[in-house]
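Open the structure in your viewer and keep the selection tool at hand.

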Amino acid sequence: MALNSVTVRVPAKVNLQLSVGPRESDGYHNLVSVFQAVSIYDEVTLTKSHPGSGVTIAVTGDQTHGVPEDDSNLAVKAAKLVGTKFDFDVDVHIEVKKSIPVAGGMAGGSADAAGTLVAMDALYKLEATREELFALGAELGSDVPFMISGGTAVGTGRGDQLTAALSRGTYHWVFALSTVGLSTPSVYAECDRMRAELEVAAPKVSDALMQSLLAGDAQAVGRALHNDLQGPACSLRPALSLVLEVGRDYGALGALVSGSGPTVAFLVADEEAGLDLAVALTASGVVGSVARATGPVHGARVL
Ligand code: ATP
């Protein structure tokens, strides 16, 4: 029987390393990004609709503020892109049940795009290869290929050329969430402004981080966490420095702004330490809400 509906679960990401090269003439930056997929998930359900109805979308769940329900939603763009590439009319309704914080530096929009690509492949039995899905993903955004693959990976170029990274063990995270997002372009612009007079080197993968991941040494991973966008994000949102400090004071193994922020990620030793830190952050009054998660987890998967 032909499938009418497919649901895909897709995780959020945290950057263990985000190193930003100089601004290129086209305005972009070469990056080295070490991604880890973490267990906060959006669910993307695609249901075939009547011929001629096109692509429609509804966004539900506990993280919907600021997410467009029109053609500018990355999930809609993903569905349409598949129709264009495989040359067929797409009549599909997309429901995105969001738990990934919006504009939080956790790649929620990219996750929904990745989930939609995987769901389109299953719903229309396209049998696209992994490489084809990655290439479609890269057209939609540099984080999209990673949200398809999940796990732990190094992204180079614009962050979209992926190599799997060897990582042992499970890592426990606490995320301090902000109610108001930060726009990624504004954080890059602040980064350029702060570096205007500086000579910026080409980004390179941190050996210390790779060795710590290989050894499964959470303490060493905590020490090796690094994000070049942390300074710019804190410059735009000074309260983030305070959040970082509170987490470090309460014994986090490592703390950094996730991606372009404003989510702050704390690596902790185990589940119990995560619970303690979550309580401490909430009690401190400097954090709106917290989420706990583990990583690495799989990328976009049909349920
Ligand atoms: P990144 O970590 O990749 O920089 P982010 O996590 O900071 O991204 P997103 O949650 O992806 O940010 O959202 C950024 C903006 O993209 C939102 O404010 C919203 O306007 C737009 N957007 C488009 N489609 C989506 C979607 N499916 N989910 C969330 N935001 C979307």
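Begin with the lining of the largest pocket in this predicted model: its residues comprise 18 nonpolar, 19 polar and 7 charged. To find the place, select Ser110, Asp143, Thr184, Pro185 and Ser260, which lie nearest the centre of this pocket among its 44 lining residues. The space here is about 1,200 Å³. Next colour β1 (5-23), β2 (29-48), α2 (108-123) and α5 (184-194), the elements that each give two or more residues to the lining. Of these, α5 provides the largest share, with 5 residues.

Move on to the second largest pocket by selecting Gln63, Val102, Ser178, Thr179 and Val180, the residues nearest its centre out of 17 in the lining. About 240 Å³ of space lies there. The lining has 6 nonpolar and 11 polar residues, and no charged ones.

Now turn to the salt bridges, of which the whole structure has 8. Select Asp42 and Lys98: their closest N and O atoms are 2.6 Å apart. Asp42 is in strand β2 and Lys98 in strand β4 (residues 92-98), so this pair ties together parts 56 residues apart in sequence.

Through shared partners, Asp42, Lys98 and Asp112 form one network. Are Asp112 and Lys98 buried or exposed? Both are buried, and Asp42 is buried too.

Last, select Glu139 and Lys85, a salt bridge with its closest N and O atoms 2.8 Å apart. Glu139 belongs to helix α3 (residues 130-140) and Lys85 to helix α1 (residues 74-86). Glu139 is partly exposed, at 49% relative accessible area, and Lys85 is partly exposed at 45%.

How values were computed:
Residues numbered from 1 in each chain as written. Predicted model: local features only at pLDDT ≥ 70, side-chain atom pairs only at ≥ 80, totals over all residues. Heavy atoms only, no water. 1 Å grid on protein atoms, 1.4 Å probe; cavity = no way out; pocket = protein on both sides within 12 Å on 5 of 7 lines; lining within 4 Å. Points joined across faces, edges and corners; volume = space filled by probe spheres on them. Helix = DSSP H or I, 4+ residues; strand = E, 2+ residues; numbered from the N terminus. Nonpolar A, V, L, I, M, F, W, Y, C, P; charged D, E, K, R; others polar. Salt bridge = Lys/Arg side-chain N within 4 Å of Asp/Glu carboxyl O. Buried < 20%, exposed > 50% of the residue type's maximum accessible area, 1.4 Å probe, protein only.
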